[in-house]
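The stops below go from the whole chain to single residues.

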Amino acid sequence: MLTKRAVAVVAAAVLLSGCSDGEPDTRKPSKRPTASTGGTPAATSAAEARADVRAGLAAGGFGAPRFTRNEANGPFAACVLTAVLPTAADPDRKDTARLAAEMKRRGWTRTEFWAEDGLQMLSLRKTPWTLDVGGGTVPKDRLALPDGALEQDFTGLILSLTDRLCTDRTHASLASTG
């Protein structure tokens, strides 16, 4: 039985419908971009973040994601990319650790990792992005997708890639007009 926390975290990471985010990115990101003045890390572009995620998933032995935007997020739809990667079995913690190691090599900082009731949750940050990766099996009656109910249990990875600067701007814009 899944705990309420496990279901809530995975459900929060699942915003899974929408349209494609554009053409695939094949550029290799720089190891640690820096701003031209001051030496502080520059903001990572969406293309660089997607390339990092693809490399991390490949290092863990997972497939390539298809990122989407969920228009149901309203004004925040432009700020969040999501993807699902079905797997034959629950993702192994060692594979998730390899994913995390590659992301660290690319400048991402792990902020959380936990495993509970057969589910895993990995959170990483790199300016301005937050990546949440949920893995495991979610029973079809515990997960509602914007496209409708699942016909079977979902096993695999659920990814949510959020541009925090975009969400901050959207919050500020909504606050100033409300």
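Contact here means heavy atoms within 4.5 Å. With that cut-off, residues 24 or more positions apart account for 64% of the contacts in the protein chain with a separation of 6 or more. This is a predicted model, in which local features need pLDDT of at least 70 and side-chain atom pairs count only at pLDDT 80 or more, while totals for chains, interfaces and linings use all residues. Residues are numbered from 1 along each chain as its sequence is written, and side-chain values use heavy atoms, with hydrogens and water left out.

Start with the whole chain, shown as a cartoon. The protein chain has 4 helices and 9 strands; these are DSSP runs numbered from the N terminus (helices H or I, at least four residues; strands E, at least two). From the N terminus on, their order is α-β-α-β-β-α-β-β-β-β-β-β-α. Of the 178 residues, 46% count as buried, where buried means under 20% relative accessible area, exposed over 50%, and partly exposed in between (1.4 Å probe, protein chains only).

Next, select residues 46-59, helix H2, and residues 93-105, helix H3. The two helices pack at an angle of about 140°, and their axes are 7 Å apart. H2 is therefore oblique to H3: angles under 35 degrees count as roughly parallel, over 145 as roughly antiparallel, 65 to 115 as roughly perpendicular and the rest as oblique. The axes are lines fitted to C-alpha atoms, for helices over the stretch in contact, and angles run from 0 to 180 degrees between N-to-C directions.

Which residues make the contact? On H2 they are Asp 52, Val 53, Ala 55, Gly 56, Leu 57 and Ala 59, and on H3 they are Arg 98, Leu 99, Glu 102 and Met 103.

Stay on H3 and select Arg 93, which lies in this helix. Arg 93 is partly exposed, with a relative accessible area of 49%. Not counting residues up to four places away in sequence, Arg 93 touches Phe 113, Ala 115 and Gln 120.

Move to Asp 117, in the loop between strand S4 (109-116) and S5. Phi of Asp 117 is near 50°, a positive value in a residue other than glycine. Asp 117 counts as partly exposed, at 39% relative accessibility.

Finish at Pro 128, in the loop between strand S5 (119-126) and strand S6 (129-138). A cis peptide bond joins Thr 127 and Pro 128, with omega about 0°.
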